[in-house]
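Hello,

Here is the structure I promised to pass on to you. Please have a look at it first, and then read my notes below.

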Amino acid sequence: MCSNDVVVIEEALRARPDDFAAWHAYGDRLLRQGDARGTLIRLEQRLARTRPAVRPAVEREIADLVAEHEGRWDDGLPGRARVRSRRYGFATEVAVEWSDDVREVVEQVLCAPFVTTLRITSNAAADEDDYGDDEDSYLAVDRGELRPGRLDLRALAGLDLGRLTELDLSYLSVGFDGAELLATLFASDRLRALDLRYCRIADTGLAALAACPHLGGLRRLHLQRNRVTAEGVRSLHRFTELTELDLRYNDLGEAGAQALLAAPFAGSLTRLWLYDSDVGRDGVRKLAQAANLPPGLRSMWRCV
Amino acid sequence: MSIGLRDRFFALSAGNAPAEEVAVYRAEVDATDAGPAATVDGLEVCWHPSARFKAVRFIDAELVDERVRELFARPSADAPYLAAVFADPHELSFRTFENIVPLDRLLQAVPLEMELTGRREHAEGVFSFSLRLPEQARDRLARLDGMNLYVPPLNAASRGGERFIFHSALLAEALTVAVADALPPSVAEGFSHVNPVFRCNGFEPGDAKFHLHRDTPYYDATRGHISRYTLLLYLTGGTGSPALDLVGGAALGEIGAFTCVIFDQRYEHEGAPYRDGRKVFLRTELIFTAGEVTEAPEIGALFGKACYLTGESVFAPELARHADAYYNQVAAAHWDGWGEGPARETFLHKEFRGVHFVTNGYDFWFPGTDALPPAECAAITLLDYFNCKLGDTAFRALCRTEVVEAEDAGWIPEFLRDKHGHSVMTRVDKSAFFPEPERPHGAICCPFHSTGQFDPTRFDEVVKLYTDAQSFAQAHILPAPILMLGEDVALDPDRFVIQDGLIHVLGKNALTPVNFAACWNDESIPEDYVVVAAKVDVERFLVPPIIYNESAGCRHLRFDFFRNSWMVAHRRATIPVPRITELGWADPEDSRAWRREVDDSLIDDEHPLEPSDLWDDEEDDWDDEDQE
């Protein structure tokens, strides 16, 4: 187990991952422990400051070090976790496949010191079953009934996902009930990006997430094909910091466009993905004339 | 109603209709509102004249969308492949001011062996010949006058008669052989070919004569070609006083049919109509390899100004006179060096959406303010120079313009000082047009096997088509320096590189599309599921660097057209941006397929696209197949 001061240092580094000096100091500690990642921190920091002519030699040195040691760097992670991204050799982004013991796996992943991005993917068998869902059960989301989804997010109950800055549950059959549970899993407000595309959360699930006091710092939100309507867009108003929003393949209508333009984040958006079929001709007109959309985004609606 | 307007235009153009009838017709045209019926090379056109579409052009009918092609008149019985289209004169740009009618098809099956005989040297550099040619060729050329192709020239106020311009490589080749044999060796040295662009001029007795002028030399810097001699081929004979007067050289009072006159372009000249019949002649130039020609940049600048003022004369007819004076000065300067410039110069002060600038067609001055960066000044310069369309309106028509005459440009900095510029162009993240495709779902089959639950957004074949379509659209949109989003102009500052006093406008940098191919058992096909999300107009420019400096509080740009004119190109293209429809079944009968919206002219080696599998209604007939 880690000592308390190390935990504090690692927490600080998760919060400020670009703090050069703090990583340098952390590297010193690793070197004293004989951890090759201490050397890696030295080398990568040197690479960032070195002249182009000297870079290839440093890059070779880094490659050799990584090849020799990387296999041992994931010892603390569960075997089914796939590391998708690293910083100084430490896993920062991890993907895990949904399984009966998903809770244990995720819990273990969250013990890794620098994991801040988590992606949970469906397993192939669930995928096949899921696609066979009939339209009635799909629509059941809108009637507010508990839907017999393949994935029961209650499996994650009790976890604290509050250390994550990015969470990707795309294409999982979460359902509105799953979204409601998801909203209870955050004890702090570090999450900046949430990908819930094709998750079938509908307005009800979106409202539950919007009501979560620890999701107010979201910047990027993917909600493609979730049966969100204008009512759901009004829930989004609670995400005041949004800068990127993807609402494609939702039947928002003109009222949805209107609700979007009334959102407190409308003027701060840098990316807004929507199609004309999502908002209708009148919705397109509203977006093309919106004074409170950034000019670049507004212009894009003028050629739809 | 519109058919009547169309046909009466040609009836009134051909005959000597009473002025009252013409006036009534013009009033009807002015009272007729009509939208465009087709777009040809970026220019919207209609098949009949209207309040907006007044400038007639003759083009190859195959260039017109076949769905409306039949509406367009074919006024020339001798060249039925030519369709008459009507354009909005405000939308003409330097490429379309002149209507160069393609006439090679007219001469394809005609024997064209020609010989110039009976050479007479009237003065130094002035020769006349008699043209011998087969009867069929003679007849064909003689009928050019009666082909109903005369278009009122933009500078109609400064010259008499009527004229049309045509292109014929076949005629030029035949004349090249004849000229090469007939010219004295000293004159023939360096002779390359006869210019295939001809002007056919027609004058009736009593018409105003073609006023005293010099022919503007043709100059192709990239090929090292320059014109030195003018070639006149008289298709009719007659007597004028004089019919051709070369100042300081020779005067020809009587000219026989199929006389060819070749004269040095240094000669200022004019010509009177025949007294005894219609005078019809062709004019072109003899092109030589340029050799020792040295250029004076001032000549290029003046030529640029002349071209620009010709275009602006649509809005302010009095500018045609200034343009003419510039053309003549350019022509003189080519042979005699740079003499005295005009005493006063013509400037245009323009205001576009609150941005003020001043131009003479070569120099463009903008207020020197941080709010109006050099890249945006360059973009406005290009939009104005090429008269690009913003939405449905040409740039120049969107500008408020006033003509200012002054001794020099000294007044401009003070004039622009209090006219604070501001940005009028948006910045668009072009990649936002291309969201990543969704992750394909392996369990999805075709609509037929999906019993109402087909999700095209995650079906691998559709996703792959979408990726292809994105690659194609990206290859056109990402490199464009300027996008037209409706009436908004979106600038990509990264495509304007400012270095060492030059603004380089970067061209295209094509991306390579990804290609591939797979159970589909449904009437619809995957291509029906990739539809159009938006249509983006891209403006592409192939232009020389724009000379740039800042002085006296102004941003001063110079667009050196003439020295690089043959490298200058501008093309507007409408690029459909793809998306995958959310519909579980895309009815092929009501297809909005992206692939159908792609203009085939946009597909080339740099922008490849797989052939479409979409049904062609005209070629495929299910009923016929069923009957078989």
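The largest nonpolar core holds 158 residues, and those that touch the most other members are A:Val174, B:Ala378, B:Ala379, B:Leu382, B:Leu483, B:Val530 and B:Val536. Such a core is a set of buried Ala, Val, Leu, Ile, Met, Phe, Trp, Tyr and Cys residues joined through C-beta atoms within 7 Å; buried means that 20 or more other C-beta atoms lie within 10 Å of the residue's own, with C-beta atoms placed from the backbone. Helix 12 (residues 460-477) of chain B gives the most to this core, nine residues; helices (H or I, at least four residues) and strands (E, at least two) are DSSP runs numbered from the N terminus. A second, separate core has 76 residues, including B:Val126 and B:Tyr229.

This is a predicted model: local features need pLDDT of at least 70 and side-chain atom pairs pLDDT 80 or more, while totals for chains, interfaces and linings use all residues. Residues are numbered from 1 along each chain as its sequence is written, and chains are lettered from A and ligands numbered from 1 in the order in which they are written.

Where do the chains meet? On chain A, 18 residues are in contact with 24 residues of chain B (C-beta atoms, placed from the backbone, within 7 Å). Helix 6 (124-131), strand 8 (271-273) and helix 13 (295-300) of chain A each give two or more residues to that side of chain A, and the largest share, four residues, comes from helix 13 of chain A.

Enjoy exploring!

How values were computed
Two residues are in contact if their C-beta atoms, placed from the backbone, lie within 7 Å. A residue is buried if 20 or more other C-beta atoms lie within 10 Å of its own, exposed if 12 or fewer, and partly exposed in between; C-beta atoms are placed from the backbone.
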